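Visitor: I am new to this structure. Please show me how to read it, one feature at a time.

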Amino acid sequence: MYMSIKRLPSYRDYWSSAPDLHDNYVSSLMSVKRFSWLLSLIHFNDNQHQPKRGEPYYDKLYKIRPFLDQIGQNFLKSYRPHRDVAVDEAMVKFKGRSSLKQYMKDKPIKRGYKVWMLCDSSGYNLKFEVYTGKKEGKIETGLGGRIVLDMCQELENKNHVVYMDNFFSSNILYEKLLVKKIYACGTVRYNRKFLPTLIRDNQLQRGDYDWATSNRGLAFYKWKDRKAVHILSSLHSPDDKVFVNRKEKDGSTSKVACPLALKDYNSNMNFVDNFDRLKKDYQCDRKSRKWYMRLFFHFIDCCVINSFIVYKELDTEDKKLNNKDFRRNVYHGLLSKKLVEVQSPHSAKKRSKSNIEISNHKPHVSKHMRLTESKHQPIQDSSRRCSMCSTKKKPARTKWICSTCKVPLCIKKDKTCFQDYHTK
């Protein structure tokens with residue numbers, strides 16, 4: 001996670017003897033041989049019990065299945081979704097040899113693993129499924145509908161609204177969702193089965209739309225912008241419309257009528273894209289000879305982003321942490337015990353000050369390091385202002401500092417600054 005923020009071409013560069021590549025923070029925590037050894041031995045399942053191709057229970061994701069199942073359960077039980085959710089696909093970059101690799105020419109990442117995702121309006125990833133290709137050598141019919149129904153199993157009878165694009169949408173799917181009290185809205189391909197025939201495109205002007213309804217609560221729209229857009233909804237009324245701004249050829253702006261269903265679709269379809277945007281800011285993705293390591297790195301990032309979204313929605317005192325600072329706090333917490341040992345005066349290793357930052361002209365140490373109950377000893381130093389009790393109006397100076405935190409603190413009969421700093 002630290003390497004995802006401070007990236008170098010190769011992980012061995014963090015231990016390089018070259019001064020422009022060497023990183024004191026990483027090299028003081030672990031040797032390069034130990035890191036390489038741990039990285040090479042990451043494993044998730046027992047290969048001796050792996051079913052072979054053609055046998056019952058054969059699984060292309062067998063090598064990483066326990067990890068995927070565990071975090072999938074944790075994602076679901078750790079968050080209560082809002083009303084609006086969206087189903088879409090994401091790509092995990094991979095250019096090696098694997099039967100799971102997909103090619104999608106219209107995606108920014110054209111080659112890699114395809115992951116179906118169900119995301120909340122906050123961006124939280126509620127559920128996911130890695131696409132493994134054809135099953136038993138046959139093309140799966142109704143793939144999009146099957147994916148949506150699998151993703152929405154936990155949302156039944158709760159009146160959620162799921163948004164999807166034209167790959168998933170169909171008349172049959174929307175009717176099945178409506179029986180389970182799940183509303184749906186999204187674009188749809190005009191040549192899907194059981195859709196009514198509407199007015200031709202050349203008979204519509206910009207801003208005009210035609211519609212038809214079924215006796216099962218569905219509404220089908222055709223709206224003309226520059227091109228015709230087809231929309232299917234089980235939530236909206238055909239009479240509901242809004243006005244959107246469009247630029248004319250002469251540069252002027254005009255108001256154009258638009259169905260409310262399309263406006264809601266455009267506002268809510270980007271939940272998966274928002275999750276991807278947060279993940280790509282600082283991702284652990286690195287090359288590996290093992291095909292499943294790319295998926296492991298991807299879902300580690302997913303865990304961090306989901307945690308960040310939960311942190312933002314919790315009623316906490318401090319909500320000022322952004323994506324980068326939250327990730328820094330996570331790995332500081334995981335490394336807190338080791339950081340104290342490294343910065344101890346009894347350690348033979350060099351002291352690392354990378355977790356100490358200056359804030360408001362006073363030294364500030366992360367909570368994980370400050371509250372770790374080991375090796376905080378007072379030592380004498382030059383006279384400095386106490387970090388706990390000193391103010392501009394009443395300055396208080398002391399010769400004592402913490403050997404680990406390097407923070408000046410009072411040690412007197414009537415003051416407990418040293419004790420309070422490491423306990424509160």
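Visitor: How are helix 5 and helix 6 oriented to each other?

Guide: Angles under 35 degrees count as roughly parallel, over 145 as roughly antiparallel, 65 to 115 as roughly perpendicular and the rest as oblique. In this predicted model, helix 5 (residues 143–151) and helix 6 (residues 171–179) pack at about 15°, their axes 10 Å apart. The two helices are therefore roughly parallel to each other.

Visitor: Which residues of helix 5 and helix 6 meet?

Guide: Contact means heavy atoms within 4.5 Å. From helix 5, G145, V148 and L149 meet L173, K176 and L177 of helix 6. By type, the residues of this contact are four nonpolar, one polar and one charged.

Visitor: How is a pair of aromatic rings described?

Guide: By the distance of the centres and the angle of the planes. Rings of Phe, Tyr and Trp (its six-membered ring) pair if their centres lie within 6.5 Å; planes under 30 degrees apart count as stacked, over 60 as edge-to-face and the rest as tilted. The whole structure has 24 aromatic pairs. One of them, F44 with F67, is tilted, with 5.5 Å centre to centre and 40° between the planes. F44 sits in the loop between helix 3 (32–40) and helix 4 (65–77) and F67 in helix 4, so the pair ties together parts 23 residues apart in sequence.

Visitor: What should I know about numbering and cut-offs?

Guide: Residues are numbered from 1 along each chain as its sequence is written. Local features need pLDDT of at least 70, side-chain atom pairs count only at pLDDT 80 or more, and totals for chains, interfaces and linings use all residues, while side-chain values use heavy atoms, leaving out hydrogens and water.

Key:
Axes fitted to C-alpha atoms, helices over the stretch in contact; angles between N-to-C directions. Helix = DSSP H or I, 4+ residues; strand = E, 2+ residues; numbered from the N terminus. Nonpolar A, V, L, I, M, F, W, Y, C, P; charged D, E, K, R; others polar.
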